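Visitor: Could you take me through one part of this model up close? I'd like to hear about the pocket and the aromatic rings, in plain talk.

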Amino acid sequence: MNQDKRARLTVKGNYSAPMNGPGAPLNQTGRGFVFPYTPNITTQSGVEYNQYATVHTNYQQNAYSRTRTPSLQVTGQFVSQTEAEAKYTAGVMHFLRVVSKSDFGADETAGTPPPVLHFSAYGQFNRVPVLLTNFTFTFPDDQDYVEVEVPGQGTIHLPVIMTIAIDLVPQYNAQKQRQFSVSEFSTGNLYRSGFI
């Protein structure tokens, strides 16, 4: 079992494209990237109810409809004070760009959607299968910028401190969903299986 509890985002399966070219520095941290500093993690869950439209009453009755899939927003800082740190930051940016794209064109894999990822952090999130729905790179105007040579890109400039925010949504396949039960979830055991 992985004892490293830092926040990380990795590729599920054998998909290696994000670790090519500018993503090569990520190979040192496995099949994805680790947030080098503690990020802000916000998770949001919701429950939906349908309302009975009864007349001449002050209080309507509510019928349970569904529990929405939780969403995650992870915002972290990446520091580029050394060449290695700058290359790692560029690798993270490349990773997020690649895993948000579907395959297209004349490739035999054309039409393949973006890959499912795993998010882990602090023992609270254990290889949660997720989809990347949004990401943001902030290039601030009050930072010094460093120059670094990146494979495939050439010379680029990165801020010394860059904020990267990602939005994730869990993606449980049908087989995994069948493993869910409220009684088992209430014991806490299903957290180890990636449910949140």
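**The pocket and the rings**

Guide: Let's start with what the pocket is made of: by class, the lining of the largest pocket has six nonpolar, four polar and one charged residues. Keep in mind that this is a predicted model. The space in this largest pocket comes to about 350 Å³. Its lining residues are Ser45, Thr67, Arg68, Thr69, Pro70, Tyr172, Gln177, Phe180, Phe185, Phe195 and Ile196. Strand β4 gives the largest share of that lining, with four residues.

Now the rings. Tyr172, Phe180, Phe185 and Phe195 are among the pocket's lining residues, and they form one aromatic cluster together with Tyr191.

Elsewhere there are pairs to look at too, and the aromatic pairs come to eleven. Take Phe35 and Phe78: their ring centres sit 5.6 Å apart with the planes at 45°, so this pair is tilted. Phe35 lies in the loop between β2 (32–34) and β3 (40–51) and Phe78 in strand β4 (residues 62–79), so the pair links distant parts of the chain, 43 residues apart. Phe35 and Phe78 are both buried.

Then there's Tyr49 with Tyr64, whose ring centres are 5.9 Å apart; the planes are at 75°, so the pair counts as edge-to-face. As for Tyr49, its relative accessibility is 48%, so Tyr49 counts as partly exposed.

Definitions and conventions:
Residues are numbered from 1 along each chain as its sequence is written. This is a predicted model: local features need pLDDT of at least 70, side-chain atom pairs count only at pLDDT 80 or more; totals for chains, interfaces and linings use all residues. Side-chain values use heavy atoms; hydrogens and water are left out. Rings of Phe, Tyr and Trp (its six-membered ring) pair if their centres lie within 6.5 Å; planes under 30 degrees apart count as stacked, over 60 as edge-to-face and the rest as tilted. Helices (H or I, at least four residues) and strands (E, at least two) are DSSP runs, numbered from the N terminus. Buried means under 20% relative accessible area, exposed over 50%, partly exposed in between (1.4 Å probe, protein chains only). On a 1 Å grid over the protein atoms alone, a cavity is a set of points where a 1.4 Å probe fits but cannot get out, and a pocket is an open set with protein on both sides within 12 Å along at least five of seven lines; lining residues have an atom within 4 Å of a point. Grid points are joined across faces, edges and corners, and a volume is the space filled by probe spheres set on the points. Ala, Val, Leu, Ile, Met, Phe, Trp, Tyr, Cys and Pro count as nonpolar, Asp, Glu, Lys and Arg as charged, and the others, Gly among them, as polar.
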